[in-house]
Amino acid sequence: AVSIKLIQCAKTFANGAQALQPIELEIHPGETVVLLGPSGCGKTTTLRLIAGLEFPDAGGQILFGGEDVTDLPIEKRGVGMVFQNYALFPNMTVGENIAYGLKIRKMPAAERLEKIDALLEMVQLQGLGQRRIDQLSGGQKQRVALARALAVEPKVLLLDEPLTALDAKLRETLRADLNQLLRKLGITAIYVTHDQSEAMALGDRVVVMERGKIAQIGSPRDIYYRPASHFVADFIGTMNRVTGIAGDGRLRFGGGQLPCDTSSVGLRATLMFRPEDVEVVADSMGAADMQGEILSTFFLGDRTRLLVDVGAEQAVVVDTGRGASWQVGERIALRVPEHALLHFQDEVVA
Ligand code: ADP
Ligand code: MG
């Protein structure tokens, strides 16, 4: 497997749109890195730069295994690509689609057939080599696209929102299969998505992007528990924000107070924390940070989610265990362990 390095890679399009600010990114051999971010943040542009479908602005450099590939076109980079819209040849069979690149490389027919069978098995489409593309489901089409991309044994596999067009259930199945396959192959892979749960499930590391910049690079755990900014915290998962007035190491709001180490006394500040980090405590113990009234309850099967009005600007989302049964209108006392509280200085507003 090959490493990939982007050095000061920016991209300005002919119309003057700067899709990417200069970014630095290092991807280890065999690693799956997910580019995650809202629509328009520059994920596809980054992927296309790595593919050789676009070229960085002057000064940018791209290395594969230490070798400078900045000026090499896609066919010289040894990359395989999978797109959201499959991009299969509709008038060819599944087998012909998969073997397209092999035929161009003049692999003998017998060898090709063997290879097609192996690839069909790899993507769990055994025996479907003769099918026409229009006879396949969306999920099957994406498996064919994956097999086609892998057929030429690329050094790098690039996937741009490959599961976005599929329905939720299928997306989860394919995500799990893809996860196993990428691990088994040990290929360096870059996966673009705007879906944070997909990013967490697939990425060894996740690169969160925001308006043409990298907001954070880290393991799914890092990104979730130690978001580097307000933007990342908000983008990944559900995040509570409680705004109040800071002072004496506390943040005060209508329904209580939370520890908040800030020097900005008397100013508005915001604390953030995850729904699953909120503990429900018995009121009488005096252990509560805040109290409030339950506005809604959502039974989610594996947990129950409560929406609680704690007298702050936004209701607090609380995830409780399966057993708990709460009623709308009930009073509830809550505690948030200090380690679960995030405070971003940039949120302090005078
Ligand atoms: P993402 O994949 O994260 O949705 P893109 O990389 O496709 O984002 O696009 C990033 C920004 O660059 C967007 O504002 C988009 O409109 C712009 N952009 C993308 N491709 C082109 C292009 N060929 N010409 C001009 N602007 C483009
Ligand atoms: Mg895109």
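Me: Which residue in β19 does Glu-293 stand opposite?
Reply: Bear in mind that this is a predicted model. Strand β16 (residues 290–299) and strand β19 (residues 331–335) run antiparallel, joined by 4 bridges. Across that pairing, Glu-293 sits opposite Arg-331.

Me: OK, and what about Phe-299: which residue of β17 stands opposite it?
Reply: Strand β16 also pairs with strand β17 (residues 304–309), in the antiparallel sense and over 6 bridges. In that pairing, the residue facing Phe-299 is Thr-304.

Me: Which residue in the hairpin of β16 and β17 takes a positive phi?
Reply: The two strands are antiparallel partners, and the hairpin has 4 residues between them. One residue in this hairpin has a positive phi near 90°, and that is Gly-301.

Me: Let's zoom out. How far apart are the centres of domain 1 and domain 2?
Reply: The domain assignment puts domain 1 at 4–235 and domain 2 at 240–347. The C-alpha atoms of the whole protein fill a box of roughly 80 × 50 × 35 Å along the principal axes. Taken over C-alpha atoms, the separation of the two domain centres is 39 Å.

Me: What percentage of the residues count as buried?
Reply: The protein is built with 8 helices and 20 strands. Out of its 350 residues, the share that counts as buried is 35%.

Me: Which UniProt annotation covers residues 4–236?
Reply: The span is 36% helix and 25% strand, and its end C-alpha atoms lie 26 Å apart. For these residues the unreviewed UniProt entry carries the annotation "domain: ABC transporter".

Me: Now the ligand. Which helix gives the most residues to the shell around ligand 1?
Reply: The shell includes Phe-13, Asn-15, Gly-40, Lys-43, Thr-44 and Thr-45. By type, the shell splits into 4 nonpolar, 7 polar and 1 charged. With 3 residues in that shell, the top contributor is helix α1 (residues 43–51).

Me: Is α1 largely enclosed or exposed?
Reply: The buried residues in α1 include Lys-43, Thr-44 and Thr-45, and those three also turn up around ligand 1. Further along, Leu-47, Leu-49, Ile-50 and Ala-51 are among the buried ones too. Since 8 of the 9 residues of α1 are buried, the helix is largely enclosed.

Me: What follows α1, and what is its phi near?
Reply: Helix α1 covers residues 43–51. After it comes Gly-52, with a positive phi near 90°.

Me: How many residues of β7 are buried?
Reply: Val-156, Leu-158 and Asp-160 point one way from the strand, while Leu-157 and Leu-159 point the other way. Both sets are buried. For strand β7 (residues 156–160), the count is 5 of 5.

Me: Which residue in β7 is the bridge partner of Phe-83?
Reply: Strand β6 (residues 79–83) runs parallel to β7, and 5 bridges join them. Within this pairing, Phe-83 has as its partner Asp-160.

Me: Is Gln-8 buried or partly exposed?
Reply: Gln-8 sits in strand β1 (residues 4–12). Its phi is near 45°, a positive value in a residue that isn't glycine. Burial needs 20 or more other C-beta atoms within 10 Å. Gln-8 has 13 C-beta neighbours inside 10 Å, so it counts as partly exposed.

Me: Last one: is Asp-248 buried or exposed?
Reply: Asp-248 lies in the loop between β11 (240–247) and β12 (250–253). Like Gln-8, Asp-248 is not a glycine, but has a positive phi, about 55°. The cut-off for exposed is 12 or fewer C-beta neighbours. Asp-248 has 9 other C-beta atoms within 10 Å, so it is exposed.

Methods:
Residues are numbered from 1 along each chain as its sequence is written. Chains are lettered from A and ligands numbered from 1 in the order in which they are written. This is a predicted model: local features need pLDDT of at least 70, side-chain atom pairs count only at pLDDT 80 or more; totals for chains, interfaces and linings use all residues. A residue is near a molecule or strand if its C-beta atom, placed from the backbone, lies within 6 Å of it. Ala, Val, Leu, Ile, Met, Phe, Trp, Tyr, Cys and Pro count as nonpolar, Asp, Glu, Lys and Arg as charged, and the others, Gly among them, as polar. Domain bounds come from an automatic or database domain assignment. Two strands pair if DSSP finds at least two bridges between them. UniProt positions are given in the numbering used here, feature names are shortened, and annotations may be inferred rather than shown by experiment.
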